[in-house]
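Here's a quick briefing to keep beside the model while you look around.

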Amino acid sequence: MREDILAEKTVALRPSGIRKFFDIVAEMKDAISLGVGEPDFDTPWHIRDEGIYSLEKGRTFYTSNSGLRELRAEIAAYLKRTQGLDYHYMHEILITVGGSEAIDLAMRAMINPGDEVLIPEPSYVSYEPCVLLSDGKPVVINLQEKNRFRLTPEELEAAITPRTKILVMPFPNNPTGAIMEREDLEKLVPVIIRHDLIVVSDEIYGELTYGDRKHVSIASLPGMQERTILINGFSKAYAMTGWRLGYACGPEPIIRQMVKIHQFCIMCAPTTSQYAAVEALKNGDEDIARMREAYDERRRFVLHTLNGMGLPCFEPEGAFYVFPCIREFGMSSDEFATRLLKEQKVAIVPGTAFGDCGEGYLRISYAYSIDNLKKALARLGDFVSGLRSGEQ
């Protein structure tokens, strides 16, 4: 085999910092994982039933490259109802294979070699690789716990250069659970417009905010819809991870180019999933409310338990993760997570999987039953007590 058989930029990518722990857990008896960002709920029955019905009716053919017209119309209605946004369902909405494909398409449609993309971190693991594979230059903005892991206009302004083209907005945030409220977003808008930036707003956790804090899309603010690619999907809000369905909304010239790439690489998103998603949007509000209430109960339980064992933890206001600090133990996040897995058989994710500024933190998912959370956190408590007493 020739030495240059592999693409250099692909070889240079770091593997996901999450997966190695899952691989170990799969081979470890009695291990408990709190690492997966996946709802533990089954997809609601009426949504599954609609998918089954579509198969029984023989709806097994390609859809339009952009997706089912009915689904795009329902997405437009949903965004109008929840965010006050007006998208033309024929020209400004694209159905994708999960939100991850939408991120990839947006980057490939807009990035020229050397263009800079601002990525607030800690954040989802796919942004930086998608930028690199598009020959762009990722520029990290380190979010601060003192700012509740929210992006400030000062941090944004300081990161912008003449080559800056795109700002990723990863809120509600994975892994911190941070949100951006309307007043936070309003402070960013003048900076974004002044520097003529395009925003890729990943709103996959938009339905999972707690208390009175309702998600606000940056696209809904004056002057922002025309410069925002809004990305969302069905995995988190509707417990539809395996259905692999997402969408992107934005200005028609950008969406048109995203459709072109999607057309050549994918053709269309899964037809069965699209029919199920129509049902989810039409009749799924009560399912979202039920699951959100359960996540909020788990969130409060996990925070109370972590506080009880003396682990400082920022209070998450969205998504289904907590991000406790473990700096007191004088070890790296990776070392802490590795030892916890080997010694207590509990898998959590080191904060560095989400960027170097995640060092000293851990991501714990509470998308699990209270019983599993109790067992895993009891083991974590034993581990922490052992470290403090010098027994481990």
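Rings of Phe, Tyr and Trp (its six-membered ring) count as a pair if their centres lie within 6.5 Å, with planes under 30 degrees apart called stacked, over 60 edge-to-face and the rest tilted. Ring pairs of this kind tie Phe41, Tyr205, Tyr295, Phe320 and Tyr321 into a cluster. Bear in mind that this is a predicted model, where local features need pLDDT of at least 70, side-chain atom pairs count only at pLDDT 80 or more, and totals for chains, interfaces and linings use all residues. Residues are numbered from 1 along each chain as its sequence is written, and side-chain values use heavy atoms, with hydrogens and water left out.

**Rings**

- By that pairing rule, the count comes to 14 aromatic pairs.
- Phe149 and Phe323 make an edge-to-face pair, because their ring centres are 5.9 Å apart and their planes sit at 80°.
- That pair links distant parts of the chain, 174 residues apart: Phe149 is in the loop between β4 (137-142) and α7 (153-159), and Phe323 is in the loop between β9 and α12 (333-344).
- Both Phe149 and Phe323 are buried (buried is under 20% relative accessible area, exposed over 50%, partly exposed in between, with a 1.4 Å probe and protein chains only).
- Over the ring of Tyr275 sits the charged end of Arg59, 5.0 Å from the ring centre (the rule asks for NZ of Lys or CZ of Arg within 6 Å of the centre and within 35 degrees of the ring normal).

**Overall fold**

- You'll find 13 helices and 12 strands in the chain (DSSP runs numbered from the N terminus: helices are H or I with at least four residues, strands E with at least two).
- The radius of gyration is 21 Å, close to the 21 Å that the globule rule gives for 392 residues, so the chain is as compact as a globular protein of that length (C-alpha atoms only; the rule is 2.2 Å times the number of residues to the power 0.38).
- Buried residues make up 57% of the 392 residues.
- Of the contacts in the chain with a separation of 6 or more, 75% come from residues 24 or more positions apart (contact means heavy atoms within 4.5 Å).

- Glu317 lies in the loop between α11 (285-308) and β9 (321-322), and is buried at a relative accessible area of 2%.
- Ala319 lies in the loop between α11 and β9, and has a positive phi of about 60° although it is not a glycine.
- At 0% relative accessibility, Ala319 counts as buried.

**Thr164**

- Look for Thr164 in strand β5 (residues 164-169); at 9% relative accessibility it counts as buried.
- Its side chain makes a polar contact with the side chain of Glu116 (3.5 Å).
- A polar atom of the Thr164 side chain also lies 2.8 Å from the backbone nitrogen of Thr161.

- Glu121 and Pro122 are joined by a cis peptide bond, with omega about 10°.
- Another cis peptide bond joins Phe171 and Pro172, with omega about -10°.
- Met267 is not a glycine, but its phi is positive, near 85°.

Terms used. Polar contact = N/O pair within 3.5 Å; in protein donor to acceptor, adjacent residues only side chain to side chain.
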